[in-house]
Amino acid sequence: MTALQAETRPAPPPLRRNRRFTLFWIGEGVSLLGNATTTLLLPLAAITELGAGPGWMGALTAAAWLPWLVVGLPAGAWVDSWSPRSVMITADVVAAVALASVPVCVVLDALTLTQLVVVALVNGTSTVFFRSAYVKLVTDIVPSEHLEQANGRLLGTESAMQVAGPGIGGLVAHAVTAAGALLLDAVSFMVSAVCLWRLGPSSSTSIEPSETPTLRSRIATGVAYVTHDHYLRVLIVIGCVSNFGLTGITTLLVLFLVDHVGLSSAGVGMVMACGSVGGLLGATLASSASQRWGSGRVSTLFLVGSGVTSLLVPLGASGPRVVLTVLGLFGTGVLVVAGNVIRGAWRQRYVPAELMGRVATTSQMINFGAMPLAGLTAGWLGAHLGLQVTLAVMAVINAVACWAILLTPLRRARHLPAAPAGT
């Protein structure tokens with residue numbers, strides 16, 4: 001395109017008049033709501049329908065996160081040579097079929113805990129591919145002038161669905177059982193698939209294999225960059241250990257709230273939603289806090305604070321003491337999400353653009369890879385030490401990981417570093 005053509009090219013219509021983005025936004029929102037409710041409903045179905053204990057809670061959590069460890073890195077490279085719209089539609093349909101199998105088997109009196117683990121595994125795999133294709137499709141349907149606005153709307157919707165999901169899931173489960181509510185989850189994924197189908201064919205072009213390095217070499221480059229950069233390495237290790245502790249907490253949280261605190265399905269959903277409300281607040285406050293006090297300073301403060309608030313979660317009990325768990329989840333949601341927003345924006349400025357995807361997938365593999373192990377560990381400890389003691393152990397692991405930032409040079413930094421050393 002010549003300079004004259006660029007100057008005379010008509011401006012794209014406002015985002016609100018972009019039909020393809022509107023359809024995508026609706027489908028994405030419905031899909032996110034389905035995922036948020038599934039996180040609650042699968043373990044709740046295991047508890048209420050089959051009397052599952054801590055070990056099975058661990059197996060469900062491990063199955064949900066294991067796909068990130070197994071196919072997380074190659075999924076992005078595979079998606080590059082496929083239509084992102086087709087990948088996302090397929091992921092939605094597969095997730096819908098898997099979730100719909102649960103209420104069907106309940107009616108047939110054939111539901112087993114093994115099936116629920118398989119459903120979690122299939123749903124987790126679908127999520128990996130859906131999220132891998134997500135970024136590519138956004139750039140296809142949104143003009144570059146509107147990408148910031150579009151991403152802001154999508155991220156806001158994601159936070160809203162994470163707030164609404166547990167509460168809605170708990171209320172529906174209370175009315176029609178957790179297994180029955182999973183049928184509505186399946187419908188939500190089909191609605192998402194229909195919205196994506198109505199977008200029409202994608203204009204993205206696949207990258208020819210001959211034009212790109214091998215999958216192995218691309219992965220190796222990203223891993224090498226992360227391991228040789230001091231700041232990235234420190235933050236990823238802290239994030240990995242912190243995720244281990246937090247995942248251990250969420251693994252047993254539903255069972256803790258039902259068996260130890262004595263809440264109903266609706267009550268469980270409302271308590272879990274408090275953490276999501278905190279996350280929404282954290283996402284709202286992050287940018288202004290970073291600009292006012294410095295990205296390094298508030299990032300460290302949020303890490304240290306989230307270690308403290310997570311220690312409140314296992315202190316809850318029946319009656320008024322449930323407020324301790326609520327405060328712990330809310331405070332941890334605020335501080336973890338706010339810190340993630342600040343460090344995520346920093347990485348986008350800090351990491352060279354040509355390495356961003358590989359660094360991101362390397363980080364996800366390390367962080368998400370700890371989660372299946374955390375689920376299994378929490379399940380085993382819960383069966384042998386009890387729910388409250390295990391939650392306390394996991395909260396301490398998270399706290400120690402967060403407080404480790406005080407042992408690094410970042411503790412003194414007002415701002416996170418602008419560029420890697422030597423650039």
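Leaving aside its neighbours within four places in sequence, which residues is Cys240 in contact with?

A: In this predicted model, Cys240 is in contact with Ile366, Asn367 and Ala370, once its neighbours within four places in sequence are set aside. Cys240 itself belongs to helix α9, which covers residues 230–260.

As to bonding between cysteines, a disulfide is a covalent bond between the sulfur atoms of two cysteines. A search of the whole structure returns zero disulfides.

The protein chain contains 14 helices and zero strands; read from the N terminus, its elements run α-α-α-α-α-α-α-α-α-α-α-α-α-α. Among contacts in the protein chain with a separation of 6 or more, 86% are between residues 24 or more positions apart. Of the 423 residues in the protein chain, 50% are buried. The accessible surface of the chain amounts to about 19,100 Å², and carbon and sulfur atoms account for 68% of that surface.

Part of the surface is a nonpolar patch of about 480 Å², formed by Val308, Leu311, Val396, Val400, Trp403 and Leu406. Helix α14, residues 387–403, contributes the most to this patch, namely three residues. Another member, Leu311, is located in the loop that joins α11 (295–310) to α12 (322–350). Leu311 counts as partly exposed, at 30% relative accessibility.

Two further local features complete the account. The structure holds one aromatic pair. Phe21 and Trp25 make up this pair, and their rings are stacked, with 6.4 Å from centre to centre and 10° between the planes. The planes count as stacked because their angle is under 30 degrees. Both residues lie in helix α2 (residues 19–50), and because they are four residues apart there, about one helical turn separates Phe21 from Trp25. The two partners fall into separate accessibility classes: Phe21 is buried at a relative accessible area of 0%, whereas Trp25 is partly exposed at 29% relative accessibility.

The other feature concerns the backbone. Asp109 has a positive phi of about 55°, although Asp109 is not a glycine. This residue is found in the loop between α4 (84–107) and α5 (113–141). Asp109 counts as exposed, at 73% relative accessibility.

Methods:
Residues are numbered from 1 along each chain as its sequence is written. This is a predicted model: local features need pLDDT of at least 70, side-chain atom pairs count only at pLDDT 80 or more; totals for chains, interfaces and linings use all residues. Side-chain values use heavy atoms; hydrogens and water are left out. Rings of Phe, Tyr and Trp (its six-membered ring) pair if their centres lie within 6.5 Å; planes under 30 degrees apart count as stacked, over 60 as edge-to-face and the rest as tilted. Helices (H or I, at least four residues) and strands (E, at least two) are DSSP runs, numbered from the N terminus. Buried means under 20% relative accessible area, exposed over 50%, partly exposed in between (1.4 Å probe, protein chains only). A disulfide is a pair of cysteine sulfur atoms within 2.5 Å. Contact means heavy atoms within 4.5 Å. Accessible areas come from the Shrake-Rupley method with a 1.4 Å probe; for residues, only the protein chains shown count as cover. Patches are made of residues with over 30% relative accessible area and no salt bridge: like charges are joined within 9 Å, nonpolar side chains (Val, Leu, Ile, Met, Phe, Trp, Tyr) within 5 Å. A salt bridge is a side-chain nitrogen of Lys or Arg within 4 Å of a carboxyl oxygen of Asp or Glu.
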